[in-house]
Structure formats: C-alpha cells, structure tokens
Amino acid sequence: MSMSEAKKKTGGLAGVVAGESAICTCGLGNGLNYYGYAIEDLAQNCEFEEVAYLLQYAKLPNNKELEDYKEQIIAQRSLNENLKAVLRAIPKSAHPMNLMQAAVATLGSVESEENNFSDQDSKIIRLLGVLPSVLCYWHHYANFGKEISFDSDQKSIAGYFLEKLKLKTPKEEFIKAMHCSLILYAEHEFNASTFTARICASTKSDIFSCVAAAIGALRGPLHGGANEAAMHLIESFASVDSAIAGVNKKLENKELLMGFGHRIYGLGGDPRNALIKVWSKRLGGDTLLFEVSEAIENLMKEKKPNLPPNADFYSASTYHFMGIPTDYFTPIFIISRVSGWCAHIKEQRANNKLIRPSSTYIGPEPREFTHITKR
C-alpha cells in the first residue's frame, strides 16, 4: 500500500468505531443526546449542574439531589496554598490552556486520587468546583496583582464564574446564556480530547492525569480553539460588506473557516448551533458583530451548504457579548467538558482494556545496517 493510499484509508480515523459507550449519541440523525436525553431539552430546560450530575451518575437529579450536588461543588471552590503558589508563578504571557493544564496536574500532586479510584466521584466534584476559581484567580493576579476571594452567593458554576471574572454580580440573562453554553459543550462522544482522556484512563492512570491529557488535546485550534478562531474572524471585519468580500476571498483561496463544518454531523448541521445562536441574538442582536456573524453564516449557506456553522461559531459572539476575553473561550470549554471527560473516564475504568491500536506501516523495506565507520 502506498503512503497516499494508507492516508486515504485511515483518514484521521473518520468512521472508525473505537469502542462502546452509553453516554452520548452524536450525529445519529443529526442529533445529540446525553444518556438518551435530547440536547434541545437539556439546553432549554436545565441548569448545567443537572447535566453534570446526569453525566456523572447516568440519571437526572431530583430537587434534593441537585441541591446537595451544588452544595458539594460550592464546597470545592477554594484553592489550596500550593496551587495558589503555582498559579502566581505563571506569567501573564502564558496561554490560558497551559495554565489550566498546569493547575490540574498540580492538583494531581497535592490532592492525589486513591490508587483504587474509590474517591473518583469526589475528585470529579473537586474539578467542577475548582476550575472556575483557577481561571479567575490567575486572571486577576496575572493582570492586576490581586488575589480574589472564593466566597460567593452564586449557587451555580455559571453564575460563580461570571461573578469572579468581573468581580460583580452578573446579569441573570448572562447566567442563563452561560448555563446553555456549558450544557452544549459538556459532552460530545469520542472527540479528540475525550478519546485522549479514555486512552490515558485505559492505562489505569489517575483522573488528574487523564484530564490534563485531555486539556492538551483541547488546546489545539482544530478542536477547542475553534471558538477563539471564529471570534478573530468575525472581529476582523468592520462592516457586513467587508465581511462578505473577505469571506469570499478566503473561499476563493480555499482557506479553512473555523466555526463551520463538523466531521460527525451531516448537512443537517450541528444541533448546538441553533441553540446558542438564540443567545447570541438575544444578547447582541442589534450589534454590528451579530450582523457580521449572520452575514457570514448566510454567505456560507449559499457558497458552502455542506459546511453549516457548528457550536463554536455563535458561542464566540455569545461569550463576547458577556464581556469574556477571547483567550478564555477555550478554558470555559474545559469548565464544561470536564464533566463529559470524567464520565468517559469512569466508563473506561468500569470495563477497562488498554487502548493500543495498530498502524499501517508505510516505511522502508528491511535493509542492511551499515556501521558508522562505513557510512
């Protein structure tokens, strides 16, 4: 088999079934479901903590279970002194994704998981509680030399993150929009970062190592970084006309437009897009930024109907309208997707086999070795 034939056959493993999972259906009839619940129902009716509970325990909570779960998460918001010291040492110039990865790795050192994983559920709750604090603590210290308190009246992850980022009570509309976004990003089957987490878990590694590995995969612009790239695209145009002209030029040059197309979904498109677009329009429908976004979407529908917008495209403007810095878009993805990663880590551990695929060899035929003195 030639190299080109081998590449064509593997195709980034598109269409290759790599395992079984009960957590999520992704792309079946263009749908997205968590444990059988349609993403539309979850995003329009739930708080993020309900969905995090669902992913952690495979059932939706009742009122008492949800309140208890939220209190457990709230109790895990504080940073220990060792973690604070690490965060203070990370410069302002650092990429926030490397910051988040370093924080998770540090937690693995100072709050290690039991070797038999008997405390995995408490570690998941710790990650859900502490990750918003990590980002906001570093943000204020690196930029302003200020250490923040982790006390808050906000009961939800969405409200707490928004409050600590801006150090003021967030608008209720912003909190609702953030709940929707966190739910939409919580889980997405065997995507690159989730599969990375499962591979790491299959070696019987600890949960912090698994999540840190997943963050490394999410950092790339072809995965989690797509929402940041989409924001840079939208912001680069000063008018609707310039956006249309600019995107047309990019299409002529066969440039990749981040925020459009998805390997899993067909022509029906990513079901998450319509749900987050509602919030983008609600928060900024009268702005030039939204008009440019919609103009780009309409142009792509006309010119590239096989590349509909995905969840990242309108997530970018939604976050922007809430005043969130673009560099923090992907770290917010972590705050959400850690729930899905940990669900997969638990599932992998429950019926574990080491994930070790084979490759198609395309290198040289066996050849005779020549000693260094004769080369």
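A residue counts as buried when its relative accessible area is under 20%, as exposed when over 50%, and as partly exposed in between (1.4 Å probe, protein chains only). Keep that in mind for the first stop.

This is a predicted model, where local features need pLDDT of at least 70 and side-chain atom pairs count only at pLDDT 80 or more, while totals for chains, interfaces and linings use all residues. Residues are numbered from 1 along each chain as its sequence is written, and side-chain values use heavy atoms, leaving out hydrogens and water.

**Stop one: Asp 312.** Select Asp 312, in helix H16 (residues 311-321). Asp 312 counts as buried because its relative accessibility is 10%. The unreviewed UniProt entry annotates His 262 and Asp 312 as "active site". Beyond four places in sequence, Asp 312 is in contact (heavy atoms within 4.5 Å) with residues including His 223, Asn 227 and Gly 259.

**Stop two: Lys 277.** Move to Lys 277 in helix H14 (residues 271-284). Tyr 314 is 37 residues away along the chain, yet the two C-alpha atoms are 5.3 Å apart. Among the residues that Lys 277 touches are Phe 290, Glu 294 and Glu 297.

**Stop three: two helices.** Finally, colour H7 (residues 120-144) and H8 (residues 157-166), which pack at about 10° with axes 9 Å apart. H7 is therefore roughly parallel to H8 (an angle under 35 degrees). Look for Leu 128 and His 139 among the H7 residues, and Tyr 160 and Phe 161 among those of H8, where the helices meet.

Terms used. Axes are lines fitted to C-alpha atoms, for helices over the stretch in contact, and angles run from 0 to 180 degrees between N-to-C directions. Helices (H or I, at least four residues) and strands (E, at least two) are DSSP runs, numbered from the N terminus. Angles under 35 degrees count as roughly parallel, over 145 as roughly antiparallel, 65 to 115 as roughly perpendicular and the rest as oblique. UniProt positions are given in the numbering used here, feature names are shortened, and annotations may be inferred rather than shown by experiment.
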